[in-house]
Amino acid sequence: GSYDAVLVSFNDKDILYWSTYFGGTGYEYAVNNGIVSGSDGKIYVIGLTTDSTRFPIHVSTNAGSYNQDTLYGINETFIAEFDDTYKPLWCTFFGGSGEDIASSITIDADQTLYIGGTTTSASSATTCSVPSTPGDFPLCNSNGLYFQSSAFTSPADAFISAFNSNQNLIWSSYMCSQQAQISGLSAYQNSKLYFTADRYTGTYLFPEQFQYTNFYWQNGISVS
């Protein structure tokens, strides 16, 4: 297409080992820092595509895996997985009828994959699968985890989604505040997830939690 993502690998002697275009007939790019590898050698890439017909979707055969083969909006996030020999294992669209842009990716010690970004897609889905209503953003209300089902998409909302090693969607929630966007994700061996977000002034509050007296806590935005 007009633009394609490029995936490149070098071996431990800095010799070019693998390089390929990745995309279809539309506009594709892999986001900055949009690649991560697991302890099992698998590689995960996130990016954006506008191609609904020739993008290299790869359906996973794992039971319950998230496989969205339809692009519902102007552009969609894509998630791609390769094994340690660069063979494609899974590639799916991820999003709804609006603009969906994943901007960060991380993986924890249990090989749980997390992606975060921003979306303008609304949703009534909670089923941890491709929504039955075309164009709904894929949400997953699971095991009493933090979950926000309502979106204030004016103009956009943050989201975080998690997948297990079988590509099952196991958690997906808005992290809602007007104009919020996930800017960084990190998961460590203790399986705790950390994220940063850009948050602008708006009517709706970002979720806040204050538990211990020695935690830094600021309960509002300073506006000059």
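## Contacts and overall build

In the protein chain, 56% of the contacts with a separation of 6 or more are between residues 24 or more positions apart; contact here means heavy atoms within 4.5 Å. This is a predicted model, so local features need pLDDT of at least 70 and side-chain atom pairs count only at pLDDT 80 or more, while totals for chains, interfaces and linings use all residues. Residues are numbered from 1 along each chain as its sequence is written, and side-chain values use heavy atoms, with hydrogens and water left out.

The protein chain has zero helices and 12 strands. Those labels are DSSP runs numbered from the N terminus: H or I with at least four residues for helices, E with at least two for strands.

## The nonpolar cores

A nonpolar core is a set of buried Ala, Val, Leu, Ile, Met, Phe, Trp, Tyr and Cys residues joined through side-chain atoms within 4.5 Å. The largest one has 20 residues, and Ile46, Ile79, Phe94, Ile105, Leu113, Ile115 and Phe163 have the most contacts inside it. At least two residues of this core come from each of strands S3 (28–37), S4 (43–49), S6 (88–94), S7, S8 (113–119), S9 (157–163) and S10 (169–175). S7 gives the largest share, three residues. Apart from this core lies another, of 14 residues, among them Ala5, Trp18, Phe78 and Tyr86.

Leaving aside residues up to four places away in sequence, Ile105 touches Asn33, Gly34, Ile35, Val36, Tyr44, Ile46, Leu113, Tyr114, Ile115 and Leu185.

Asp100 sits in strand S7 (residues 100–107). Asp100 counts as buried because its relative accessibility is 0%. Beyond residues up to four places away in sequence, the contacts of Asp100 include Leu48, Glu76, Phe94, Thr118 and Phe137.

Gly184 is found in strand S11 (residues 181–187) and is also buried, with a relative accessible area of 17%. With residues up to four places away in sequence not counted, Gly184 touches Ser104, Tyr194, Phe195 and Thr196. Its C-alpha atom is 9.5 Å from that of Asp198, 14 residues apart along the chain.

On a 1 Å grid over the protein atoms alone, a cavity is a set of points where a 1.4 Å probe fits but cannot get out; a pocket is an open set with protein on both sides within 12 Å along at least five of seven lines, and lining residues have an atom within 4 Å of a point. Grid points are joined across faces, edges and corners, and a volume is the space filled by probe spheres set on the points. There is one cavity of 30 Å³ or more, and about 40 Å³ lies in the largest cavity. Its lining includes Tyr44, Glu81, Trp90, Leu113 and Phe163.

The second largest pocket has a volume of about 230 Å³. It has 16 lining residues, with Leu7, Val8, Ile35, Ile43 and Val45 the closest to its centre. S3 supplies the largest share of this lining, seven residues.

Note on methods
Buried < 20%, exposed > 50% of the residue type's maximum accessible area, 1.4 Å probe, protein only.
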